[in-house]
Amino acid sequence: MLLIKNGRVIDPTNNMDAALDVLLDGDRISKVAANISADGAEIFDAKGLIVAPGFIDLHCHLREPGQELSETIETGTKAAARGGFTAVCCMPNTQPVNDNASVTRGIVERAAAVASVRVWPIGAASMGSGGEALAEIAAMKRAGIVAVSDDGKPIASARLMRQVMDYCDSLDLPVIDHCEDASLFAGGVMREGPHSIRLGLKGIPAQSESICAGRDVEMAALTGARLHIAHMSTRASLEYVRWAKKRGLRVTCEVTPHHFTLTDEDVRYDSHYKMNPPLASGEDRDALIEGLADGSVDAIATDHAPHHPASKDVEFDRAPFGITGFETALALGIAGLVDAGKLPLMRLVELFTAGPARVLGMQRKIAAGEAGDLTIFSTDREWTFRATESPSKSRNTPFDGRGFRGGPVATIVAGRIVFRA
């Protein structure tokens with residue numbers, strides 16, 4: 001047994017914010033109450049700390065199978081645990097692509113053997129994510145996927161999106177799309193605007209994302225299927241999501257910490273600032289924060305995208321898109337959203353817990369009988385993120401050396417402490 005004593009329990013699903021103890025017995029929560037005593041239990045003193053439902057990351061890249069030089073399920077989930085995440089959803093753009101039940105089973109079995117946190121695979125929408133034939137979605141669901149996506153690229157056409165949505169609707173699976181118009185995106189490396197011109201870098205217009213988001217929302221209206229917009233970065237995309245929600249469509253979205261923290265003005269000749277979608281304008285960044293605060297945005301997701309250092313240590317134009325994100329996500333949320341007065345702590349916790357759970361058709365709460373997954377964090381612990389100390393195999397982050405106030409203190413998965421600061 002594990003007894004969490006003296007903590008401030010924040011549970012958005014139950015609208016709970018109170019000084020309570022939490023007792024875990026085996027892999028489940030046994031009791032939530034004040035002043036619990038349990039003979040023989042291991043005691044974790046959470047005085048001055050927040051005890052929250054286990055954080056879920058809807059969007060990450062663990063690179064296994066096939067790209068283990070950049071990350072593995074073992075190293076990636078160790079980094080996720082350090083970031084407070086108890087479950088992560090890994091995208092299918094591996095080698096081979098997770099487009100069939102055999103690959104899915106391989107990921108599930110490898111995670112069961114070596115992962116520090118729960119790993120929930122996302123299957124490809126099309127074979128090889130090639131945008132032509134449907135992948136083996138039903139078989140992958142039986143093997144353990146929780147959603148489908150061709151992430152790294154959009155679902156190629158409206159016709160294919162309709163087919164994917166119709167099929168996934170019958171399976172009650174969400175369709176996650178990386179919104180991008182390839183004809184507008186082609187060759188671009190950062191957001192188009194005055195700063196891209198100053199740097200002499202080819203820009204990607206914001207409309208590359210929003211045009212595709214609009215298409216997807218229309219397809220959701222046509223099919224009634226569950227649509228989730230990945231790593232949303234523009235005001236126009238957010239307006240499409242708001243339109244959909246007002247009409248009762250099953251449309252959700254996520255925003256990454258780097259998109260609510262940085263803007264295109266922060267970009268320099270450093271590939272650690274190169275990600276896709278690219279960093280957006282200050283106006284777009286402010287709109288995303290408004291959406292996080294008012295409920296239009298459903299979740300914060302990291303889009304943890306590790307790359308071997310050698311692949312990033314090249315000219316900006318030639319470097320791959322993506323940055324790591326597990327270990328800095330919560331701290332960026334505390335600094336940029338809560339401490340900045342943009343939203344209350346309860347709402348931040350919801351964006352990491354109940355929000356992503358709802359996207360997946362699940363629940364996340366602290367109550368007797370629920371899974372023993374908890375995230376314990378501080379809002380005032382001062383620390384510095386150093387990429388060289390990360391268990392991740394990659395170092396591609398713009399936040400290396402940044403000091404933070406607040407962050408994860410312990411991560412508990414199935415009643416077991418998998419990380420402790």
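Reply: A cavity is a set of grid points where a 1.4 Å probe fits but cannot get out, whereas a pocket is an open set. The model examined here is a predicted one.

The structure holds three cavities of 30 Å³ or more. The volume of the largest cavity is about 60 Å³. Its lining consists of 14 residues, and T324, G325, E327, F385 and S390 are the closest to its centre. Sorted by class, this lining comprises four nonpolar, eight polar and two charged residues.

Among the residues that line it are H178, C179 and E180, together with F185, R191 and I204. S208, E209 and H231 also belong to this lining, as do N276, P277 and P278. Here the classes are divided into five nonpolar, four polar and three charged residues.

The open space may be considered next. The largest pocket contains about 380 Å³. Its lining is made up of 21 residues, with R63, N93, G152, H307 and F321 lying nearest its centre. Twelve residues of this lining are polar, five are nonpolar and four are charged.

The sheets of the fold follow. Strands of a sheet pair through backbone hydrogen bonds, either parallel or antiparallel. D177 has I229 in β12 as its bridge partner.

A further open sheet has three strands in the order β6-β7-β8, and its pairing is likewise parallel. At its edges stand β6 (55-60) and β8 (118-121), each of which pairs on one side only. From one strand to the next, the twist averages 20°. Four bridges in the parallel sense join β6 to β7 (residues 85-90). C60 stands opposite C90 of β7.

A residue is called buried when its relative accessible area is under 20%. In helix α12 (residues 329-338), seven of the ten residues are buried, so this helix is largely enclosed by the rest of the structure. The buried residues are A329, L330, A331, L332, G333, I334 and L337. Helix α13 (residues 345-352) is also largely enclosed, because seven of its eight residues are buried. Among the buried residues of α13 are L345, L348, V349, L351 and F352, as well as R347 and E350.

A421 lies in the segment after β17 (416-420). With a relative accessible area of 60%, A421 is exposed. Apart from neighbours within four places in sequence, A421 is in contact with R381, P408 and V409. From A421 to G333 the distance is 88 residues in sequence and 19 Å in space, C-alpha to C-alpha.

Note on methods
Residues numbered from 1 in each chain as written. Predicted model: local features only at pLDDT ≥ 70, side-chain atom pairs only at ≥ 80, totals over all residues. Heavy atoms only, no water. Pairing = 2+ DSSP bridges. Helix = DSSP H or I, 4+ residues; strand = E, 2+ residues; numbered from the N terminus. 1 Å grid on protein atoms, 1.4 Å probe; cavity = no way out; pocket = protein on both sides within 12 Å on 5 of 7 lines; lining within 4 Å. Points joined across faces, edges and corners; volume = space filled by probe spheres on them. Nonpolar A, V, L, I, M, F, W, Y, C, P; charged D, E, K, R; others polar. Buried < 20%, exposed > 50% of the residue type's maximum accessible area, 1.4 Å probe, protein only. Contact = heavy atoms within 4.5 Å. Axes fitted to C-alpha atoms, helices over the stretch in contact; angles between N-to-C directions.
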